[in-house]
Amino acid sequence: MGMLSLLNSSDFTFSTFLVTGIPGLEAMHMWLSLPFSAMFLLTLTGNITIILVIWTERSLHVPMCLFLAMLAASDLGLSISTFSTVLKIFWLESQEISFSACFTQMFFIHTFQQFESAVILVMAFDRYVAISRPLHYASILTSGVIAKMGLAIFIWTMALQIPGPLLLRRLSFCRSNVLYHSYCLHPDIIKLSCSNTRINSVYGLCVVVSTLGLDFLLILLSYVLILKTVLNIASVRGRMKALNTCISHLCAVILFFTPMICLSMLHRFGPKLPSHVYVLMANMHFLIPPVMNPIVYVVKTKQIRDRIIRVFLKKGSGKS
């Protein structure tokens, strides 16, 4: 009775959070660990392979491949940041996470999320330049320009994400310490605070609007301009060839933004749904793109596919 009154008191503050698995499927955690472990290994293998192949093959040091290496790096960071607690829950049934560890995980998840969004945006710009100015493509997107783009994305991301954990440290948590997901996200954390979270809420909204929201609108604008350029191409074959170069990037856009937009719509305008639906949508946003992006780009990018095949053929011939 005394413990219950302590928990109900606003004077009681928690010192740790509890991350959750998939609601209603707690008894299946051991079985769920198998597909999630396979996804993690596939993510590591695919993205590391792409980075190494582009890094070692000088012929792949072209704008599209360099941007793809950035995308693979952000996918790698995002998957390591999220899977660390997901697999901990499934393998060890361990849900407890300290405030410091939670804030750190939140920082890296949102940092790599914002970085990936920005990289997808510059890849849309890359496709527009390649289609609208093919003769000047190499002179516009030089290695120096790409390096400056990468540095600008890094600085912009750090400037927006560093205040997040610092603002959270001033809060107290006395209502509950159970998070809604298997990893720490800014909106979930501030919902558990019994302090005034107005500054945190405004900060979070401004970051989302100025990054993910703005990036998505600029990507849409890029494709409007791409379609306008493609429609001016005389031959049908030329139009299809131009559009075909955008398929991989369109897949990356759909994989990254669709679950996030659907989740936002459900939270704000949709009917009240079981909690596992929201958890599933969040997992699709954070866990699926790092798995699928390497597969899509290897299948659709002939230079990278051929280089990977050559590497494996060399290894096979060396063993024989």
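Predicted model: local features only at pLDDT ≥ 70, side-chain atom pairs only at ≥ 80, totals over all residues.
Biologist: What percentage of the residues of the chain count as buried?

Modeller: A residue is called buried when its relative accessible area is under 20%. The chain has 320 residues, and the share that counts as buried is 45%.

Biologist: Among contacts between residues at least 6 apart in sequence, what percentage join residues at least 24 apart?

Modeller: One example of a pair separated in sequence is Thr 111 and Gln 161, which are 50 residues apart along the chain, with C-alpha atoms 6.2 Å apart. For the chain, the share of such contacts that join residues at least 24 apart is 77%.

Biologist: Which residues does Thr 111 touch, not counting residues up to four places away in sequence?

Modeller: Thr 111 lies in helix H4, which covers residues 99-132. With a relative accessible area of 6%, Thr 111 is buried. Its partners under this count are Thr 157, Met 158 and Gln 161.

Biologist: Is His 249 buried or exposed?

Modeller: His 249 belongs to helix H11, residues 247-268. Leaving aside neighbours within four places in sequence, His 249 is in contact with Ile 120, Met 123, Ala 124, Arg 127, Tyr 223 and Tyr 297. Its relative accessibility is 2%, and the cut-off is under 20%. His 249 therefore counts as buried.

Biologist: How many salt bridges does a search of the whole structure find?

Modeller: Side chains of opposite charge can pair when their charged atoms come close. The search of the whole structure gives a total of three.

Biologist: How many residues apart in sequence are the parts that the salt bridge between Glu 57 and Arg 307 ties together?

Modeller: The closest N and O atoms of Glu 57 and Arg 307 are 2.9 Å apart. Glu 57 lies in the loop between helix H2 (29-56) and helix H3 (63-92), whereas Arg 307 lies in helix H13 (residues 302-319). Glu 57 and Arg 307 are both buried. Because of these positions, the pair ties together parts whose separation in sequence is 250 residues.

Biologist: By about what are Lys 302 and Asp 306 separated in helix H13?

Modeller: Lys 302 and Asp 306 form a salt bridge, with the closest N and O atoms 2.7 Å apart. Asp 306 has a relative accessible area of 25% and is partly exposed. Because Lys 302 and Asp 306 are four residues apart in helix H13, their separation is about one helical turn.

Biologist: How far apart are the mean positions of the positive and negative charges of the chain?

Modeller: The chain carries 24 positive and 11 negative charges. The mean positions of these two sets are separated by 13 Å.

Biologist: What accessible area do the residues of the nonpolar surface patch have together?

Modeller: The chain exposes about 16900 Å², of which carbon and sulfur atoms supply 72%. The patch is formed by Leu 214, Leu 218, Leu 221, Val 224 and Leu 225. One of these, Leu 221, is placed in helix H9 (residues 198-231) and counts as partly exposed at 46% relative accessibility. Together, the accessible area of the patch is about 400 Å².

Biologist: Is Trp 55 buried or exposed?

Modeller: Trp 55 lies in helix H2, and its C-alpha atom is 8.7 Å from that of Leu 66, 11 residues away along the chain. Its relative accessibility is 69%, and the cut-off is over 50%. Trp 55 therefore counts as exposed.

Biologist: What is the phi value of Glu 93?

Modeller: Most residues other than glycine have a negative phi. Glu 93, in the loop between H3 and strand S2 (96-98), has a positive value. Its phi is near 55°.

Biologist: How far apart in space are Thr 301 and Tyr 183, C-alpha to C-alpha?

Modeller: Thr 301 is in the loop between helix H12 (275-300) and H13, and is buried at a relative accessible area of 4%. Thr 301 and Tyr 183 are 118 residues apart in sequence. In space, their C-alpha separation is 33 Å.

Key. Residues numbered from 1 in each chain as written. Heavy atoms only, no water. Buried < 20%, exposed > 50% of the residue type's maximum accessible area, 1.4 Å probe, protein only. Contact = heavy atoms within 4.5 Å. Areas by Shrake-Rupley, 256 points an atom, 1.4 Å probe, with all protein chains shown as cover. Lys, Arg positive; Asp, Glu negative; His and termini not counted. Charge placed at Lys NZ, Arg CZ, Asp CG, Glu CD. Patch = residues over 30% accessible without salt bridge, like charges linked within 9 Å, V, L, I, M, F, W, Y side chains within 5 Å. Salt bridge = Lys/Arg side-chain N within 4 Å of Asp/Glu carboxyl O. Helix = DSSP H or I, 4+ residues; strand = E, 2+ residues; numbered from the N terminus.
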